[in-house]
Amino acid sequence: MFSLEGITKTIQDWLFSSFSPTVALLIECAIIILLAIALFALLGLVLVLMERKVAAHIQIRLGPNRVGPGGMFQTVADTVKLIMKEGLTPDMADKFLFNLAPFIVMIVAMLLLAPIAFAKNFQIWDINIGVLYVSAVSSLSVIGILMAGWASNNKYSLLGAMRSGAQIVSYELSAGLAILSVVVLTGSLQISDIIESQKDGWWLFKGHIPVIIAFVIFLIAVTAETNRAPFDLAEAESELTAGFHTEYSGMRFAFFFLAEYINIFIVCSIGATLFLGGWMPLHIGNWESFNHLMDYIPSSVWFMGKTFFLIFLIMWFRWTFPRLRVDQLLNLEWKYLLPISLFNILLVTLIAIMGWHF
Amino acid sequence: MYTQTEVIKDTTASGSEGELVINMGPQHPATHGVLHLVITLNGETIKKIEPHLGYIHRSIEKMTESLTYRQFTYVTSRMDYLSAHINNLACAMTVEKAMQIEVPERAQVIRVLMNELTRIASHELWIGAMAMDLGAFTPFFYAFREREMITEIMEDSCGARLTMNYMVPGGVMYDIHPDFQKKVKAFVQQFKDKVTEYEDLVTNNVIFQSRTKGVGYLSKEDAISYGCSGPVARASGVSCDIRKIYPYEVYGKVEFDEVLDTAGDSFARYLVRVKEMNQSIRIIEQLIDNIPEGDFQAKTKAVLKPPKGEFYTRVETARGELGVYLVSEGGTTPYRIKYRSPGFSNLSALDHMARGSKIGDLMATMGTLDLVIPDIDR
């Protein structure tokens, strides 16, 4: 059976048998960096095309269909255009911060790829505080956004960055508490442990109603954290033209754009890992033959399938809902989601202590 | 008029402590044209809005003075381009009133049918654009699906999709296309089938309701004192439908209701327009099978010379009351023409309605005012 685990193991064995351990480790690092960058570019291309196709389908039109078969190379053409464009820096902008901001947002998105398990035993860094690492690093991207808004010397950018700061900091709480409920049930912060604990069923099904509530809150919170509609106030184009990235052009704009899609991928993969069992196949109780059949589907396909399902949900939100107002957005978090999450975590703890989950 | 640099210098100077002055427009996605709003903000709260006009001023009223009575109606298609038919009708009616021309029954019915189709097309575009202002992109495409059918009907009979120039003094320019009745009936059926989609996607949407209910409140007294008209005033409870008060053409003979609401907020304005589309469908259904035979244009002289005097007509466009004031000296061209455009008066209430609300609310308020900038500026 095809498995990514075998490939990585073969490569590692070969490297360590032919080189000294230090050199082998360095070569491994180089391979991982190349793979990460390649994945980054590939995800950007696939997700942008997917967004446009999903939007087109919802809006009764065809979407990109001229460049390549089914418009497959449309994003490539767009990227080439963005690379060739002039990267303007406004005259009165804080040039250092202005140029630094897109890279911070990008680096944060790249760092977040590290603890994600793409398939069985196919993970860059299985750190024992994986979940904590994700929530800690993901909150750094707000610095890049605030920096971009402040350094642009543009009032729309400043307003967008202000909104974005308030929004991301608030919704971090709910997202954190939703993640915590799975951590409580598992008793581990390590991604591989969390996936292992879902061998006999995903937490969404095992954890009764409280975990379903946590999952819904997680979806809402991450939609807000990635600045996606209906929470796209930071770049609400009918109000603030383009929000915090109004003044950016060319490749630096592309970095913000790409980072947004990578962030969507990352939060969805975290959601898939915590609630939908990561690369674990779907197993139903005693249905031996069914479970056996499910095992034949490669683990990477399971992981990608779940992640892309969640990405589709987030895209569906964007093309259906109007945008919230800034005070309604904060009301939703502080008056509804946060109290519900706090109460919910109590319930989950009770379930975990009494062992009521399956 | 001041120059561009003066405006920028004027408005970037910050006001008192903690205030932020932003220029929304003339190039901004939410102003739907070249409207320039100078907004004084305290954080996200609006303290003052000052609209600056003149970016699309084409001096239509002055141009009219050198055009003949047959020519000047065409220019008005470029005023409120979403209700071009109704603008043309107002001008044609003024000339008919001055010259005392009897319009044949057939022409009157065709005019009313075209007017109501225009009204629906205008409201369809407005639903899409307003939903887009509030951040929902999809209703725009749904609304355009129905609007496309109307523009095709217009194209068949008038030869144009947007600036039709179909109404002429004495009637309409050409007879209707043979397929007209069939296509209009198909459209009415399609509209009735698909109107539930708007209900699901927009009207019953919780976020949409919370964005518009209680936002941009305009009381009945304020609506009257600002001179608001059309759906904006009717949502505040002012009965001002010219089609009902001063019936023109065959509006006196068809059955329809004047849609009124008393809430006065953005959601009420939304509901009034949606219900108005249904009333327009009702008018179309009554007339489409009863288009009388006969001439589509009255016999008029080649050169029109209205007698000396002052004449005023008013019609109900998709945005409100359009008045045409004509001063004739008895020559071949008007001495003076003044248009009373609905958008200008409605815009004047914006500052009053939006003060104290958030920037996000301004989009709901401005969206439901249904501003068409060339109509305001002329």
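**Entry 1: a buried methionine**

I started with B:M277, which is buried, as 24 other C-beta atoms lie within 10 Å. I call a residue buried if 20 or more other C-beta atoms lie within 10 Å of its own, exposed if 12 or fewer, and partly exposed in between, with C-beta atoms placed from the backbone. A reminder to myself: this is a predicted model, where local features need pLDDT of at least 70 and side-chain atom pairs count only at pLDDT 80 or more, while totals for chains, interfaces and linings use all residues. Residues are numbered from 1 along each chain as its sequence is written, and chains are lettered from A and ligands numbered from 1 in the order in which they are written.

B:M277 sits in helix α12 (residues 266-288) of chain B. Helices here are DSSP runs of H or I with at least four residues, strands are runs of E with at least two, and both are numbered from the N terminus. Setting aside neighbours within four places in sequence, I found B:M277 in contact with B:I120 and B:H123; contact means C-beta atoms, placed from the backbone, within 7 Å. I also looked up B:G323, 46 residues apart from B:M277 along the chain, and the two C-alpha atoms are separated by 22 Å.

**Entry 2: helix α5 of chain B and its partners**

Next I took helix α5 (residues 105-133) of chain B with helix α15 (residues 359-369) of chain B: their axes come within 9 Å and cross at roughly 170 degrees. That makes α5(B) roughly antiparallel to α15(B). My angle classes are roughly parallel under 35 degrees, roughly antiparallel over 145, roughly perpendicular from 65 to 115, and oblique for the rest. The axes are lines fitted to C-alpha atoms, for helices over the stretch in contact, and angles run from 0 to 180 degrees between N-to-C directions. B:A129, B:M130 and B:D133 of α5(B) make the contact with B:M363, B:G367 and B:T368 of α15(B).

For helix α4 (residues 84-99) of chain B and α5(B), the axes come within 8 Å and cross at roughly 140 degrees, and the two helices are therefore oblique to each other. Here B:H85, B:I86 and B:L89 in α4(B) meet B:R111, B:M114, B:N115 and B:T118 in α5(B).

**Entry 3: the domains of chain B**

I noted that chain B is divided into domain 1 (4-52) and domain 2 (60-377), with bounds from an automatic or database domain assignment. Their C-alpha centres lie 30 Å apart. Twelve residues of domain 1 of chain B are in contact with 17 residues of domain 2 of chain B.

**Entry 4: over to chain A**

Nine of the eleven residues of helix α6 (residues 141-151) of chain A are buried, so α6(A) is largely enclosed by the rest of the structure. The buried ones include A:S141, A:G144 and A:M147. They pack against α4 (95-111), α5 (130-138) and α7 (155-186) of chain A. Just after α6(A), A:N153 takes a positive phi of about 55 degrees.

I checked A:I266 too: beyond residues up to four places away in sequence, A:I266 touches A:A109, A:L112, A:L113 and A:I116.

**Entry 5: where the chains meet**

Last, the contact between the chains takes 23 residues from chain A and 26 residues from chain B. On the side of chain A that touches chain B, α11 (237-240) and α15 (326-354) of chain A are the elements that give two or more residues.

Note on methods. Contact = placed C-beta atoms within 7 Å.
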